[in-house]
Amino acid sequence: MTTLFRSVSYSKGQMKIQQMAFVLVGLMIFFGVAALFYFTIFSSGINEQAALLREREAQELVKRLAGSPEFIFSSGSDCSACVDFDKAIVLKESSEYQNFWGLNYLMIEKVYPSGEGECTRSNYPDCKTITLVSKTGELSTRTAFVALARWDEGLGYFRYELGRIHVSV
Amino acid sequence: MFRFRRGQEEMVGFVLVVLLVAVIFLVFLGISFRSNSSVEDSAEASQFLDSILEFTSNCTFDDYSYEQVSDLLGDCGSGKMCLSGENSCDVLKGTVSELVGHGWNFEEGSVYKGYEFEVELNGELIEQLPVFGLNFPCVGEKRGADRSLLTGQGNIVVTFELCG
């Protein structure tokens, strides 16, 4: 009888331990799945932040370029978003500036009014792009909107057009 | 018999706890990721706005100097007419539409689905504007930028928003 009572006590304890183990395993699986779910959603927010940081980095790079003496438009009004399109076409013809900015690719595009083809002395300003630096290899370019300022002979003052600057470091 | 009932009670209790935790977790997720109606700042939109404000339009009042978009904002608020007979607001709307159409891609599959360009003069929305793009009113995420200009006509706030 005593032996029987002792074996019953051991069985009850083991049952309790087993119950606790199952509960713990269940809880661990549940919280594991919940954590996986949470981090999947959280990491998508990180991707958005990374894209935003890349955008801001491109903006800062463009600001530096637009503010540099080679591109800055200082002849007319105070315009931080302006790039001197006339200076750019002159720089294009100068081979010394190929490695000046330490960039793999630098191109200024006239977005509106749009033109066609690469700019040269003969078709300027009725052209589309001025490529200042173009090195081979895989390039991931960043772009930013700028206002292109140039002297308009017909009007007799500066004309501002919409452009885009393409940069690859 | 008594042992079976206790085991079932414990199982029910465990399931209730799990359900409670799941509901609390879902509520927490819902609150954390609820999208608000505020417009996020966009560096690209900000650059675009700065650039188009400088753009030289084809509206002139003296056949000598042509108005920039930033000037047209005030001209539109005053209801001025260009020398060509066009209303300055119509020139502004047309110019902005062209600039946005050339600068952004709103086709199927692109990041943005439409845009809104609004101008306020001394706190009041100018009726002739805003210039709408595709798929407005916006039901997706909005990103944009705004600028405040002090002109002879008063304080102008121009807002450019992209609908994602």
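Predicted model: local features only at pLDDT ≥ 70, side-chain atom pairs only at ≥ 80, totals over all residues.
Local features require pLDDT of at least 70 and side-chain atom pairs pLDDT 80 or more, while totals for chains, interfaces and linings use all residues. Residues are numbered from 1 along each chain as its sequence is written, chains are lettered from A in the order in which they are written, and side-chain values use heavy atoms, without hydrogens or water.

We may begin with the interior. A nonpolar core is taken as a set of buried Ala, Val, Leu, Ile, Met, Phe, Trp, Tyr and Cys residues joined through side-chain atoms within 4.5 Å, where buried means under 20% relative accessible area (1.4 Å probe, protein chains only). The largest such core has 37 residues, and those with the most contacts inside it are B:Phe48, B:Trp104, B:Phe117 and B:Phe160. At least two residues each come from β2 (105-112) of chain A and from α2 (43-53), α3 (69-78), α4 (88-103), β4 (114-121) and β8 (154-163) of chain B; helices (H or I, at least four residues) and strands (E, at least two) are DSSP runs, numbered from the N terminus. The largest share, six residues, is supplied by α4(B). A second, separate core of 25 residues includes A:Ile108, A:Cys127, A:Ile165 and A:Val167.

Turning to disulfides, defined as pairs of cysteine sulfur atoms within 2.5 Å, the count is four over all chains. Those of chain A follow the pattern 1-2, 3-4, with bonded cysteines counted along the chain. In the pair A:Cys79 and A:Cys82, the sulfur atoms lie 1.8 Å apart, and the torsion about the S-S bond is about 80°, so this disulfide is right-handed. A:Cys119 and A:Cys127 have their sulfur atoms 1.9 Å apart; their link, with 90° about the S-S bond, is right-handed. A:Cys119 is buried, at a relative accessible area of 0%.

In chain B, the sulfur atoms of B:Cys59 and B:Cys82 are 1.9 Å apart. The torsion here is about -100°, so the disulfide is left-handed. This pair links distant parts of the chain, 23 residues apart: B:Cys59 sits in strand β2 (residues 56-60), and B:Cys82 in the loop between α3 and α4. B:Cys59 counts as buried at 0% relative accessibility, and B:Cys82 is buried at 5%.

Notes: Buried < 20%, exposed > 50% of the residue type's maximum accessible area, 1.4 Å probe, protein only.
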